[in-house]
Amino acid sequence: MGNGLIIVNTGNGKGKTTAALGLGLRAVGHGMKVLMLQFIKGTWLTGELCAVKRLEPNFKIVQLGQGFVKTQKNEQSEEAIENARVSWDYAKQEMFSDLYDTIILDEVNNMIDYGLLNVEDVISVLKERPKRLNVILTGRNAHGKIIELADMVTEMQEIKHHYKKGIKAQKGIEF
Ligand code: ATP
Ligand code: MG
């Protein structure tokens with residue numbers, strides 16, 4: 001079994017989460033076990049949540065987030081801070097469980113960016129994780145130290161987004 005990779009999908013363009021789901025799908029096709037942990041819960045019941053249900057237990061999505069968090073450091077509610085702590089403990093437990101080949105930490109970059117998770121804590125868990133485990137970290141504004149540690153980093157760059165011309169979130173595209 002080869003060494004697992006640390007993969008980062010960041011940038012302001014669309015496709016960070018969906019590219020991670022794509023890799024999850026690819027791995028599950030080989031009989032590998034994949035877990036996606038969503039740190040910031042969306043507002044919709046997403047298509048991927050329903051689709052992945054059919055692939056359980058090989059592919060699982062767990063929503064850890066409580067919904068909205070502030071995007072400015074030092075402005076987080078006690079509730080958001082506590083939720084982040086509980087979510088990170090859960091993520092750590094799953095990463096050390098050695099039950100999975102790939103774990104996707106969806107929007108974890110934002111959690112670090114918002115000051116809800118400590119980058120050094122995340123880095124130490126990544127370094128100490130089971131060797132075979134691939135970890136995919138998604139979200140805007142990936143921290144420099146995460147980028148430095150990663151094996152592969154992709155920046156999705158927005159050229160155009162339909163939202164800007166007033167087209168709201170679309171079924172099968174946004175959720
Ligand atoms: P996806 O989940 O579709 O792969 P993503 O993970 O790259 O997208 P996020 O930054 O997590 O994107 O944003 C979540 C959602 O917000 C996406 O569905 C995306 O289409 C939408 N979005 C992205 N850019 C913008 C924007 N500039 N304005 C409004 N909505 C946006
Ligand atoms: Mg995303």
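Tutor: A polar backbone atom of Thr18 sits 2.8 Å from an oxygen atom of ligand 1, a polar contact being a pair of N or O atoms within 3.5 Å, where pairs within protein also need one atom able to donate a hydrogen and the other to accept it, and residues adjacent in sequence count only if both atoms are side-chain atoms. This is a predicted model, in which local features need pLDDT of at least 70, side-chain atom pairs count only at pLDDT 80 or more, and totals for chains, interfaces and linings use all residues. Residues are numbered from 1 along each chain as its sequence is written, chains are lettered from A and ligands numbered from 1 in the order in which they are written, and side-chain values use heavy atoms, with hydrogens and water left out.

Lys14 contributes a polar side-chain atom, 2.5 Å from an oxygen atom of ligand 1. For Gly13, a polar backbone atom is 3.4 Å from an oxygen atom of the ligand. The protein covers 78% of the 590 Å² of accessible area that ligand 1 has on its own (Shrake-Rupley method, 1.4 Å probe; for residues, only the protein chains shown count as cover).

The residues around ligand 1, each with a heavy atom within 4 Å of it, are Gly13, Lys14, Gly15, Lys16, Thr17, Thr18, Glu107, Arg140, Glu158, His161, Tyr163 and Glu174. By class, this shell has 1 nonpolar, 5 polar and 6 charged residues. Here Ala, Val, Leu, Ile, Met, Phe, Trp, Tyr, Cys and Pro count as nonpolar, Asp, Glu, Lys and Arg as charged, and the others, Gly among them, as polar.
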